[in-house]
Amino acid sequence: MNVFRILLLCSAVLVFSGCGKARFDGAKAMAETEALVKISPRDAGGGGARRASVQLESRLKALGLKTAIDTFSEDTPSGKMHFNNVLGRIPGKTNRLIVLASHFDTKSGISKDFQGANDSGSSSGILMELARVLKKRGPLETEFLIAFLDGEECRKEYGPHEGLHGSRHLAQQIYDAGGAKLVKAVIVIDMVGDRDLNISIPRNSSPELVKELFYAAHELGVRPKFSLGPGSILDDHVPFLLAGMPVVDVIDFDYGSAPGLNDYWHTPKDTLDKLSVKSLQTVGDVVMRMVENLQ
Ligand SMILES: [Zn+2]
């Protein structure tokens, strides 16, 4: 067999096996998480969050996305604060839009080197890896907006002027531009790297997207790791919901040394050693399958 025939055979195998398709890689998502967590802490309004926003934008650029850092300021109970949402676009064949979002700021006042490895490193790592895969796969039917959101965490208490700054700002922008009706789905990811993965979807998510998420998990054989939570929660999905967009919040809000304790959450124990590549892989695969099914 000559070299030409071998090459031809190899490319045929690649086409038939689908090996040529970019696939979500949990190890790459972990590497992205580690790169972000090197900047610790990332409190909104501080130097860490600003440096993180610059780093995230340069990573998106390196992946070939059109990017922007959207800087805005708001009056908060702690005074006027500046926030930086990092946005990347992957064009689609239609004007329908899927928004994939994760916050990247950390809760303030935990410790001077607070990592926030799970909250918000894990979801940010997954989001960056999703951006890589979707860019390689694109253009798909829908356009994708990759949104790294600032200011999710509140300083004292959530309120109209505290917490959820980045998501409220982006949801308002989409709404004001008349884009809410073009949004097919907003998928918010938060706290998804825990070794003991138990995704518990808050009830104030859109039922049609919860169904799509559970179906994707079922198709991939990981449905037992996904369930409907006991109630509603306040997270970055809420501003999109209030602006009339279909949204689901993919969150594992049980992060601790034993089930129900949640003793790693918002403590100095939220460190990289608590995370697992397998959990990042599971969540990344399910979100990828879900957005494929939504095309
Ligand atoms: Zn948090």
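**A pocket, a zinc site and a helix**

The largest pocket holds about 310 Å³ of space, a pocket being an open set of points on a 1 Å grid over the protein atoms alone, where a 1.4 Å probe fits and protein lies on both sides within 12 Å along at least five of seven lines. The model is predicted: local features need pLDDT of at least 70, side-chain atom pairs count only at pLDDT 80 or more, and totals for chains, interfaces and linings use all residues. Residues are numbered from 1 along each chain as its sequence is written, and side-chain values use heavy atoms, leaving out hydrogens and water.

Turning to the metal, the zinc ion has Asp119 (OD), Glu153 (OE) and His266 (NE2) as its protein donors, 1.9 to 2.3 Å away; donors are N, O and S atoms within 2.8 Å of the metal (3.2 Å for Na, K and Ca), and sites may look incomplete since water is not among the atoms. Asp119 counts as buried because its relative accessibility is 2%, and His266 counts as buried at 19% (buried means under 20% relative accessible area, with a 1.4 Å probe and protein chains only).

Finally, in α2, the residues Gly26, Ala29, Met30, Glu32, Thr33, Leu36 and Val37 are buried. Seen down the axis of α2, these buried residues fall within an arc of 160°, so they line one face of the helix; the arc is taken from the directions from the helix axis to the C-beta atoms.

Technical notes. Buried < 20%, exposed > 50% of the residue type's maximum accessible area, 1.4 Å probe, protein only. 1 Å grid on protein atoms, 1.4 Å probe; cavity = no way out; pocket = protein on both sides within 12 Å on 5 of 7 lines; lining within 4 Å. Points joined across faces, edges and corners; volume = space filled by probe spheres on them. Helix = DSSP H or I, 4+ residues; strand = E, 2+ residues; numbered from the N terminus.
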